[in-house]
Amino acid sequence: MVLKVTKILAFQSLSGIYSAREFVWWYNGHPDYSSLKPDLKTSDSAVILGQGNVALDVARILLRPTTELASTDIATHALSALKESSIRKVYLIGRRGPVQAALTAKELREVLGIKNLHIRIKQTDLSVTPADEEEMKTSRARKRIYELLSKAAAAAKTSEADPDQRELHFVFFRQPDQFLESDERKGHVSGVNLQKTILESVGTGKQIAVGTGEFEDLNCSMVLKAIGYKSVPVNGLPFDHKKGVVPNVKGRVVSHTSGDISQTEPGLYVCGWLKRGPVGIIATNLYCAEETVGSISEDIEEGVWKSSKAGSKGLMQLLEKRKVKKVEFSGWEKIDAKEKQMGIERNKPREKLVTWEDLLAAAAN
Ligand code: NAP
């Protein structure tokens, strides 16, 4: 079938295009996104932009059999919609090659292990250059990812085709240029125009994607953008706009004015993505938090700063003053217990409460 389409500029909005964050919040039952209603029924194809772990997470939700999803803590509205989904082909688009894919091995293995899933990777995309070899020599993780992808591509070649099978296409060396608007369904996405890329070394062993000026269209009825995150500045705090972090030394915020990293703001600390940038699995964040807490303890012990503030009591007073509605830990525990109880009845680890009203009512009980 030839789809009639109109190319539109990337910044214009079309229905059917979502950020991965919106989609993740939808299937996880975030109250602000539980009514998202992503379009899962217009065609058999979805495109995911990016090849990081978030891209893998959303691909997994689209491709995993719903009989298996049913025993996870996925929100019930999402499970019902996924049961009706017509999406059978998911395209993960990477602007660089399989050696540079931003995935981690454990997460990739989980997706490759999905039942009845056909992995498609073009053989030509798996050929490596001396610069790729060099990258793999300096990173075992990159080498492992490349091996896993090569193995999956080889196994797919020998497997029997099954009409029920779903497909995961790893598309390398392509960067999105424009979203395409359906002529039949005005205002709705019907595909992505992709520019082919090649890699260029930029010293320090890094290779970046450069457009070749050749383009191709990929049809789909849903696009998920999973191209990473960037922190935004916090009023009154120094901010490194290039790295998207608050400059710090082991979590101690570097002084505003001095620019000298030995000068830190007493009593001011940072952790997580605002400290290191938007990278890392859960364990990375645990170590990161430990380091910042270590800095706080050290500073208290060594008398570098003495808090003149009122601690948690002061925070509560401030929240009262600003009339901020708050749920205390005991309220969270009640929500947790209620969700778990509802989960037992449905054979799930928990049944998520997906409206603010239900969450607040559970916390107050
Ligand atoms: P990510 O790992 O930074 O991946 C972003 C992807 O988007 C990369 O493939 C990147 O390609 C691509 N990209 C960025 N800008 C682009 C552009 N302008 N055009 C086309 N492609 C572009 O980000 P993420 O997937 O959002 O994950 C964020 C962090 O959370 C990561 O460290 C991830 O490992 C972590 N995470 C962990 C888990 C887990 O532990 N299970 C789950 C989810 C996320 P380039 O490499 O070429 O820039």
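## Packing of helices 5 and 7

In this predicted model, helix 5 (residues 105–112) packs against helix 7 (residues 140–158) at an angle of about 10°, and their axes are 10 Å apart. Helices here are DSSP runs of H or I with at least four residues, numbered from the N terminus. Axes are lines fitted to C-alpha atoms over the stretch in contact, with angles running from 0 to 180 degrees between N-to-C directions. Helix 5 and helix 7 are therefore roughly parallel to each other (an angle under 35 degrees).

Helix 5 contributes Ala105, Leu108, Arg109 and Leu112 to the contact, and helix 7 contributes Arg144, Ile145, Leu148, Leu149 and Ala152 (heavy atoms within 4.5 Å). Seven of these residues are nonpolar, none polar and two charged.

## Ligand surroundings

Around the ligand there are 20 residues, of which Gln51, Asn53, Arg95, Arg96 and Gly280 come nearest (a heavy atom within 4 Å counts as near). Helix 2 (residues 53–63) supplies the largest share of this shell, three residues.

Oxygen atoms of the ligand lie 2.7 Å from a polar side-chain atom of Arg95 and 2.9 Å from one of Arg96. For Gln51, a polar backbone atom is 3.0 Å from a ligand oxygen atom. The protein covers 77% of the 910 Å² of accessible area that the ligand has on its own (Shrake-Rupley method, 1.4 Å probe).

## Basis of the values

Residues are numbered from 1 along each chain as its sequence is written, and side-chain values use heavy atoms, without hydrogens and water. Local features need pLDDT of at least 70 and side-chain atom pairs count only at pLDDT 80 or more, while totals for chains, interfaces and linings use all residues.

Notes. Helix = DSSP H or I, 4+ residues; strand = E, 2+ residues; numbered from the N terminus. Parallel < 35°, antiparallel > 145°, perpendicular 65-115°, else oblique. Nonpolar A, V, L, I, M, F, W, Y, C, P; charged D, E, K, R; others polar. Polar contact = N/O pair within 3.5 Å; in protein donor to acceptor, adjacent residues only side chain to side chain.
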